[in-house]
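Thanks for coming, everyone. I'd like to walk you through one structure, piece by piece. Please have a look at it first.

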Amino acid sequence: MTRLSIQPQDLYQSQWVSDPSVAPDGQIVYVHKRIDAESNQYRSTLRLLSADNKDDTPLTDGPADSAPSWSPDGRQIAFIRRTEGLPQLWIWSVQTQEATLALSMKKGIGTFSWSPDGKHIVLISREPFENGTGVHDDTRGRVLQRTTPRAEGSGWWDGQIGRVWLWQLGEPEAIRLTEDTVEASAPVWSPSGTSIAYLGQKIPSINSRYYTEPDEDGSPFNDLYTVDCSSGEVTCHTNHSFSISQINWLADESGWILIANDRTFGSGTQNTIYRLDALSQQCIELTPNMDIQFGNFILNDMKMCTARPGPTYGKDDTHIHVIGSYEGNAGLYKIQTDEVGHITLLTDGERDIHQIMYNPSRDSWITLEATPERPYELVEWFMNHHDDSSRPHQQVLTTHGSSWLNGKEVIIPQSFRYTNSEGQSVQSWIMKPEGKHHTGKLPLILQIHGGPHAMYSPVYSHEMQTLVSQGYMLLLVNPRGSFGYGQAFAQACRGEFGGGDYDDLMQAVDEVLAARDDIDEDKLGVCGGSYGGLMVNWIITHNERFHAAVSQRCISNWLSFYGTSDIGVSYTEGIVGGNPWEHAPKLWDRSPVAHAHNAAAPLLIIHGEQDLRCPVEQGEQMYTALHRNNKPVRMIRYAASNHGVLKSGKPSFRVDLLQQVNDWFHHWLQPSVKLSIPVGLWIENVLSSDWGAEQLIDCIQRQEWQALLPHVADAQMDMQERLDTALELNEPWEDALRYGFSFTFIHVGGVRRLLAFGLGWREHEQYHWEHNHLYGLNLNAEQKSWLEQRIGSQWELVFESFTPYGSAVYELRLKHEQTFLWI
């Protein structure tokens, strides 16, 4: 069966599942999200999976439902529904089978959690800071006094901060538990239900501070607090020396488990697992000197939810379970809480586990995960039921995210490693398109991830699949600075942007070119986003080997980035090392815009206009500098879009972005071989054999026609005559086999033979012919691209209609009507 290549517009068929919650009897409620193309928005509802995993049914009708959570007794599901523009708390009853609005807060509700007895819910809701001082009034100017008055994803600070609230079911209002100058988040109940732990970030006072007091905004640290539910007493248990991302109680309430780091190497410091004792305040590192980065740090455009990495308990209270990112995979790890260094990987294979949830009814783990073959689905892992190979059993519970891939060609990345100049092993992957139209030497596109403290993974990515389907080979690299390869590797790029990280990327290209003979080194592209976009800008202004480039959500000028990004201060000081008033020459020298006059590759710049992480002015500066220096450049701006436009932007923007990238690379890296009719049809006939380019070249050079003829569409063609014609006309037939080609001119009779050779089509069966027009051509995207490449300079495809199978029907006609004389 012929499989169709994956195209940008296939995103509209995508669906996403996330946020599983397990009932005491084993039922699973989860979020199901899809695209509403008419409104150009996402629609999210809740679905219910039966305990035996046989029935998967809708529970709510949305359109904006999220964060479901079963009550401890399994009689209710609390969830968030956007109500009159704000996220509010709703409860679905097992008894009535209906959902009702349970609690509304003035500024909406963030995270929440059931108490162990199911009588209360703790939640986070925002309210004015310091009696409303600093709250923005639309009738006046916005007053800024914080060093960081903006945050990517949430916008400009509105003078509100998150506080901990306690709501008793049935009561009309919640009670505020915290009132200090601390931004509260991530509340977790103690096992006894008497106390709540939460994370707190100190907010600088606005009333008393006039640029003279120490600025807490500049601190990367937060703290672990508890509040006693009876007395309301708030206690801070850490000394502001950790950056804590997740917490949980020890089972006996003698302390807590933290996923945290001490920021020794800034944002490049890998997380570790700590046990914090409540009485002694002693913090013990349970996972010292591990190369694992705890938490999920894999970048992927198909993630539509927040990670849930733990720490979470399973069937016993002496081990906690967490997600760890290691060497391109994110797995489930079990860690002993009363001893140091006891850690076990529970899952195997190439996968990206993004969320975890324990199912006590079956002693299993529910994960949200992707593999190289499919996007994210819910999967159940049975840890205590091993076969003879002692591998854990798993069962895929949902198919919403991957069912649309039936009949599609999913390209599986191939692992490729090399040793860099420091003796470190660098992990990468190669993606090569399949199909007879992607033979010979192919263009290579180097892909660079953001962060830089993150990682690529070989799991399914719509972004990568849509690009490789166009006939490009992709190289995905985790260079120095990536997480998941140890602390030394992660910190190696800090303070020296454009050094070891750049060297690793350039060496990756060298190593792949040396190891393979199916890459056209004269057609190299480079693409990246965020830090990857910064690196693209740097590469094309310092290296002449690339022939096309795409820079998304980029940085171009460290001097302006320092004061305009929500992370400008810490990021610039950490990645480059310096500030504008003391180190201006250094920051300018490391700014790609300073070297724009040296740019050697045409550049496409893509940016969201509301990006507060890498502000749009960064893209504008690079665009202006290249234009002023007469360099080929184009910029695409997406309105009302932030740094996440590729992963969570409006559906139409995401599809358009991917198509713009494809079109840019096609324009600059497309094959340029031109052939006459007899030679072109000969090459197409030869390609119908499905042999590889080099095998065909070898056979033709040896003139072993009897070996080839049984495999081609037209075995009556005189192969020797066609080869002689190619040699006489000096046409590059070998390049045509390796890189593809187009016809200098082709009449309608030649087009009909081309369709027979290339697609196996016959007149009156797959299309109709009348004069210089062909009607009813049912083409998928790959076939359309192939035909346009071959004859697009002279013939045009005119859309007629869509089919129910994802393809379209076209009319093929001459761009300029001509009369052909037949002799």
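Start with Glu-380 and Arg-362, whose side chains meet in a salt bridge, 2.7 Å from N to O. A salt bridge here is a side-chain nitrogen of Lys or Arg within 4 Å of a carboxyl oxygen of Asp or Glu. Side chains of opposite charge can pair when their charged atoms come close. One caution: this is a predicted model, where local features need pLDDT of at least 70, side-chain atom pairs count only at pLDDT 80 or more, and totals for chains, interfaces and linings use all residues. Residues are numbered from 1 along each chain as its sequence is written, and side-chain values use heavy atoms, with hydrogens and water left out.

Where do Glu-380 and Arg-362 sit in the chain? Glu-380 is in strand S31, residues 374–382. Arg-362 is in the loop between S29 and S30. Helices (H or I, at least four residues) and strands (E, at least two) are DSSP runs, numbered from the N terminus.

Buried or exposed? Glu-380 counts as buried, at 0% relative accessibility. Arg-362 is partly exposed, at 27%. The cut-offs are these: buried is under 20% relative accessible area, exposed is over 50%, and partly exposed is in between, with a 1.4 Å probe and protein chains only.

Now the strands around that loop. S29 covers residues 352–359, and seven of its eight residues are buried, so the rest of the structure largely encloses it. S29 runs antiparallel to S30, residues 364–371, and seven bridges join them. Strands pair if DSSP finds at least two bridges between them. Within this pair, Ile-356 stands opposite Thr-367 of S30. The hairpin has four residues between the strands, and Asp-363 takes a positive phi near 50° there.

Back to charges. How many salt bridges does a search of the whole structure find? It finds 31. Here is another: Arg-753 with Asp-714, with the closest N and O atoms 2.9 Å apart. Arg-753 lies in helix H16, residues 748–759, and Asp-714 in the loop between helix H13 (705–708) and H14, so this bridge ties together parts that are 39 residues apart in sequence. Arg-753 is partly exposed at 31%, whereas Asp-714 is buried at 18%.

Next, Arg-752 and Glu-763. Their side chains meet in a salt bridge too, 2.9 Å from N to O. Arg-752 is in helix H16, and Glu-763 is in the loop between H16 and strand S44 (768–770), eleven residues apart. Arg-752 is partly exposed at 24%, and Glu-763 is partly exposed at 21%. There is also a network: Glu-127, Arg-163, Arg-176 and Glu-179 are joined by salt bridges that share partners.

On to helices. H3 (residues 500–515) and H4 pack at an angle of about 75°, and their axes are 11 Å apart. Axes are lines fitted to C-alpha atoms, for helices over the stretch in contact, and angles run from 0 to 180 degrees between N-to-C directions. H3 and H4 are therefore roughly perpendicular, a label for 65 to 115 degrees; under 35 counts as roughly parallel, over 145 as roughly antiparallel, and the rest as oblique.

Which residues make the contact? From H3, Asp-501, Tyr-502, Leu-505 and Met-506; from H4, Tyr-531, Met-535, Trp-538 and Ile-539. Contact means heavy atoms within 4.5 Å. By class, that is seven nonpolar, no polar and one charged. Ala, Val, Leu, Ile, Met, Phe, Trp, Tyr, Cys and Pro count as nonpolar, Asp, Glu, Lys and Arg as charged, and the others, Gly among them, as polar.

H4 spans residues 531–540, and ten of its ten residues are buried. Ser-530 is in the loop between strand S38 (519–529) and H4. Ser-530 has a positive phi of about 65°, although it is not a glycine. It counts as buried, at 14%.

Compare Asn-730, another non-glycine, with a positive phi near 55°. Its loop runs between helix H14 (719–728) and helix H15 (733–739). Asn-730 is exposed, at 68%.

Last, the cis peptide bonds. One joins Gly-62 and Pro-63, with omega about 10°. Pro-63 lies in the loop between strands S5 (56–58) and S6 (65–70). Another joins Gly-310 and Pro-311, with omega about 5°. Pro-311 is in the loop between strands S24 (293–294) and S25 (312–313).
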